[in-house]
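Subject: Handover of a structure and summary of findings

Dear colleague,

Please find below the structure that I am handing over to you.

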Amino acid sequence: MATTVINGKEVVVDDEGFMTQYDQWDEDIASALAAAIDVDLTDEHWKVINFLREDFKEKGETPTIRRVSTAGGVDTKKLFQLFPKKPAKKMSYIAGLPKPHGCV
Amino acid sequence: MRRLLILGGGTAGTMAANKLYKELDKGQWQITVIDADDDHRYQPGYLFMPFGTYKPSQVTKSRRATLNSGVDLQYGEIDVVHPEEQVVALTDGREFAYDMLIIATGVSPRPDQTDGMLGPEWRKSVHEFYSYDGSVTLAEKLKDWPGGRLVVNIVDMPIKCPVAPLEFAFLADDFFKDKGMRDKVEMTYVTPLPGAFTKPIAAEAFGTTLDDKGIAVESDFMLMEIDNDKKALVSYDEREVPFDLLVTVPLNMGQDFIGRSGLGDELNLVSVDKFTQLSTQFDTIFALGDANNIPASKAGSVAHFEIDIFVENFMQHIAGKEMSHKFDGHANCFIETGGGKAMLIDFNYDYEPLPGKFPYAGVGPMNLLKESRINHLGKLAFRWIYWNVLMPGRSMPLPALMSLKGKRTDLLETEQEKQPALSA
């Protein structure tokens, strides 16, 4: 764990650069994180990111790809287009949330 | 008389019924449990049956005999819950009115939710061990399987016992070694998660276990379909993993009646408060064990600790008082690593598994996050504890809430992690 400066703001991140403090995130930071992994944010990206943020706030857990598809209304194929190769990891990274995890 | 209705007489439903039977005033409350049949399965045994370690008879007991004789048990399929009217309707037309309802119908593997899974290869080269029938069939298959490409797969999270697929891979490695045919088996572990291990401290403890055992990992694999002609898993990003024998964990879902009753999310899990397990919609409904949507592992261990806390809350709730106890998501699980050894992990909502001693600081005798023979013996002994201590609702000499005593909290680097807000 360390702190880093993203878009002029000091934030706490884990070893892989995922933000760990929900309230330190803002939209400018999201844009900076997206740029860092070569994702250009469109309205469709924002729809996903906003769903992730809301759902995490309510459930305490980053939603799975299946949940984003069924409850968030962006289907899995689309998620792979928006966040190529590793949508689960990339979308949680940009939304400032923990990546999906198991118990070990 | 007031009626407490419990849907499901498995791990959570049985523990709740037997514990509450002791607490509730028998002159005022009648407890009725509804389940489809009389077969209570010891589900952790499903992991061992494919390898012949447990016989089917060792994982099954009568629900009737496992429930206190003062608890009413009715057999039937649940059609729908009418939460406003406080009535549960069965498919045979019977209706049960309730004052309080506990939903403990768990989750089930749903092969129908993945294209091609129930195709011509189902139960031939496509297997699972998350159901009794699946585990029995896989045991038959493994007896004379000549070897080839064995693929262990998780379709999606959450699943019952998230470590079971890993344990299956470790035990399979052992099984084929014992049969002198490990060199004939190529093993791949295919997961939708970013890796086989996702918690940094646990990942370090497991280190190169998978590599050492010659098990390849295919991560971030979102299964789109099973191609029966090619015998391959196909992902949304068009990767293909061919198999000769697939052991998959199908999507786990709550029961369909939960969806029909308007009580569930997209996986038919009942939305509850994560500290009390009270429904977020109705104050006459609790959901316990795997059936609810708390962000904890779906495991009997979680149900056990959860119900210890729940019973005290339930008694306050029906007395019209505020519930003062908070469940912390505590889980405590043995992980088989093969070679007659196992690891032990102990964790909750806020703390990832840490190394240390358990249950007594400095003494143990169990080691956390470290392979040992005694942990393996603990896992085997657990079947006896399950039937004789947990199900009857007797107390285990373990605190329900997780303790940090004996744990290496120094491995957590930031203050935030050492003292996380429980509500975070």
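A residue is called buried here if 20 or more other C-beta atoms lie within 10 Å of its own, exposed if 12 or fewer do, and partly exposed in between. By that rule, 46% of the 424 residues of chain B count as buried. Please note that this is a predicted model.

Chain B as a whole

The C-alpha atoms of chain B fill a box of roughly 65 × 55 × 40 Å along the principal axes. The radius of gyration of chain B is 22 Å, which agrees with the value near 22 Å that a compact globule of 424 residues would have. The secondary structure of this chain comprises 10 helices and 24 strands. If one takes the contacts in chain B between residues at least 6 apart in sequence, 65% of them join residues at least 24 apart.

Chain B is divided into three parts: domain 1 (2–106 + 255–318), domain 2 (111–252) and domain 3 (331–418). The centres of domain 1 and domain 2 of chain B, taken over C-alpha atoms, are separated by 30 Å. Where these two domains of chain B meet, 12 residues of domain 1 are in contact with 18 residues of domain 2. On the domain 1 side of chain B, the residues that touch domain 2 divide into seven nonpolar, two polar and three charged.

Two sheets in chain B

An open sheet of five strands in chain B has the order S5-S2-S1-S9-S20, with parallel pairing. Its edges are formed by strand S5 (72–75) and S20 of chain B; each has a single partner strand, so one side of each is left without a neighbour in the sheet. On average, neighbouring strands of this sheet are turned by 20 degrees against each other, direction ignored. Within the sheet, strand S1 (residues 2–7) and strand S2 (residues 29–35) of chain B run parallel and are joined by six bridges. In this pair, B:Leu4 stands opposite B:Ile31 in S2(B). Helix H1 (residues 11–23) of chain B packs on the sheet and touches S1, S2 and strand S9 (100–103) of chain B. The direction of H1 makes about 165 degrees with that of S2(B).

An open sheet of three strands, in the order S6-S7-S8 of chain B, shows antiparallel pairing. Strand S6 (78–82) and strand S8 (95–97) of chain B are the edge strands, and each pairs on one side only. From one strand to the next, the twist averages 15 degrees. S6(B) is joined by four bridges to strand S7 (residues 87–90) of chain B, and the two run antiparallel. The bridge partner of B:Ile78 in S7(B) is B:Leu90.

Backbone details in chain B

Two cis peptide bonds deserve mention. One joins B:Phe358 and B:Pro359, with omega at about -5 degrees; B:Pro359 has its place in strand S23 (residues 356–360) of chain B. Another joins B:Gly364 and B:Pro365, with omega at about 10 degrees, and B:Pro365 lies in strand S24 (residues 364–368) of chain B.

B:Arg123 is not a glycine, yet it has a positive phi of about 65 degrees. It is found in the loop between strand S10 (107–109) and strand S11 (126–127) of chain B. B:Asn268, also not a glycine, has a positive phi of about 60 degrees, and its place is in the loop between helix H7 (256–260) and strand S20 (285–287) of chain B. Are these residues buried or partly exposed? B:Arg123 counts as partly exposed because it has 15 C-beta neighbours inside 10 Å, whereas B:Asn268 is buried, with 23 other C-beta atoms within 10 Å.

In chain A, strand S1 (residues 2–6) and strand S2 (residues 9–13) run antiparallel and are joined by five bridges. A:Val5 stands opposite A:Glu10 in S2(A). S1(A) and S2(A) form a hairpin with two residues between them, and A:Asn7 in the turn has a positive phi of about 55 degrees.

Between the chains, 25 residues of chain A are in contact with 29 residues of chain B. Helix H3 (65–70), helix H4 (76–82) and helix H5 (87–94) of chain A each supply at least two residues of the chain A side. H3(A) gives the most to that side, with four residues. By class, the side of chain A that touches chain B has nine nonpolar, six polar and 10 charged residues.

Yours sincerely

Methods. Residues numbered from 1 in each chain as written. Chains lettered and ligands numbered in written order. Predicted model: local features only at pLDDT ≥ 70, side-chain atom pairs only at ≥ 80, totals over all residues. Pairing = 2+ DSSP bridges. Axes fitted to C-alpha atoms, helices over the stretch in contact; angles between N-to-C directions. Domains from an automatic or database assignment. Contact = placed C-beta atoms within 7 Å. Nonpolar A, V, L, I, M, F, W, Y, C, P; charged D, E, K, R; others polar. Rg over C-alpha atoms; globule rule 2.2 N^0.38 Å.
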